[in-house]
Amino acid sequence: QVQLVESGGTLVQPGGSLKLSCVASVSNFNIYQMAWYRQAPGKQRELVADITIGGSTRHADSVKGRFTISRNNLKNTMYLQMNSLKPEDAAVYYCNTVVPSYWGQGTQVTVSS
């Protein structure tokens, strides 16, 4: 069983920045491919970005150039640096281990002036 705890979500103004963190309670974090998802009210959960064991990354077109996923295997932590935030980025952001799939409880990001 893997426990994932997200943090860093808060209210931010449009154009602002946030950095989300996801800490995994597992000894072999480095073997997991990881991902960030988000879900806005009334919408399906969508993939934001993922990162392989080797550190290769992919980002959804909607966030490309603004968000950056990264990981620190020594700290069992994954990050999502979010810049130039837009109101449409507002959602609950979830941390996920790809295979097997575990989910965190989510952290709320609100983008509003």
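Strand 4 (residues 34-39) and strand 9 (residues 91-97) pair in the antiparallel sense, over 6 bridges. The model is a predicted one; local features need pLDDT of at least 70, side-chain atom pairs count only at pLDDT 80 or more, and totals for chains, interfaces and linings use all residues. Residues are numbered from 1 along each chain as its sequence is written, and side-chain values use heavy atoms, with hydrogens and water left out. Strands (E, at least two residues) and helices (H or I, at least four) are DSSP runs, numbered from the N terminus. Two strands count as paired if DSSP finds at least two bridges between them.

Strand 10 (residues 102-103) runs antiparallel to strand 9 and is joined to it by 2 bridges. Asn96 has Trp103 of strand 10 as its bridge partner. Strands 9 and 10 form a hairpin, with 4 residues between them. In general, strands of a sheet pair through backbone hydrogen bonds, either parallel or antiparallel.

Contact means heavy atoms within 4.5 Å. Leaving aside residues up to four places away in sequence, Val92 touches Tyr37, Arg38, Gln39, Gly106, Thr107 and Gln108. Arg71 is 21 residues from Val92 in sequence, and their C-alpha atoms are 20 Å apart in space.

Strand 3 and strand 8 pair in the antiparallel sense over 6 bridges. Cys22 stands opposite Met78 in strand 8.

The structure has 1 disulfide, defined as a pair of cysteine sulfur atoms within 2.5 Å. Cys22 and Cys95 form this link, with their sulfur atoms 1.9 Å apart. The pair links distant parts of the chain: Cys22 lies in strand 3 and Cys95 in strand 9, 73 residues apart. The link is left-handed, with -65° about the S-S bond. Cys22 and Cys95 are both buried.

A nonpolar core is a set of buried Ala, Val, Leu, Ile, Met, Phe, Trp, Tyr and Cys residues joined through side-chain atoms within 4.5 Å. The largest such core has 28 residues. Those with the most contacts inside it are Met34, Trp36, Met78, Leu80, Met82 and Tyr93. Two or more residues each come from strand 3 (18-25), strand 4, strand 5 (46-51), strand 7 (67-72), strand 8 (77-82), strand 9 and strand 11. Strand 3 gives the largest share, 4 residues. In soluble globular proteins, nonpolar side chains tend to be buried together.

Charged pairs complete the description. A salt bridge is a side-chain nitrogen of Lys or Arg within 4 Å of a carboxyl oxygen of Asp or Glu. By this rule there are 5 salt bridges. Arg38 and Glu46 form one, at 2.6 Å from N to O. Arg38 counts as buried, at 6% relative accessibility. Glu46 is partly exposed, with a relative accessible area of 37%. Arg58 forms another with Asp50, the closest N and O atoms being 2.6 Å apart. Arg58 counts as exposed at 55% relative accessibility, whereas Asp50 counts as buried at 5%. Asp61 and Lys64 also meet in a salt bridge, at 3.0 Å from N to O. Both Asp61 and Lys64 are exposed. Salt bridges that share partners join Arg38, Glu46, Arg66 and Asp89 into one network.

Notes: Buried < 20%, exposed > 50% of the residue type's maximum accessible area, 1.4 Å probe, protein only.
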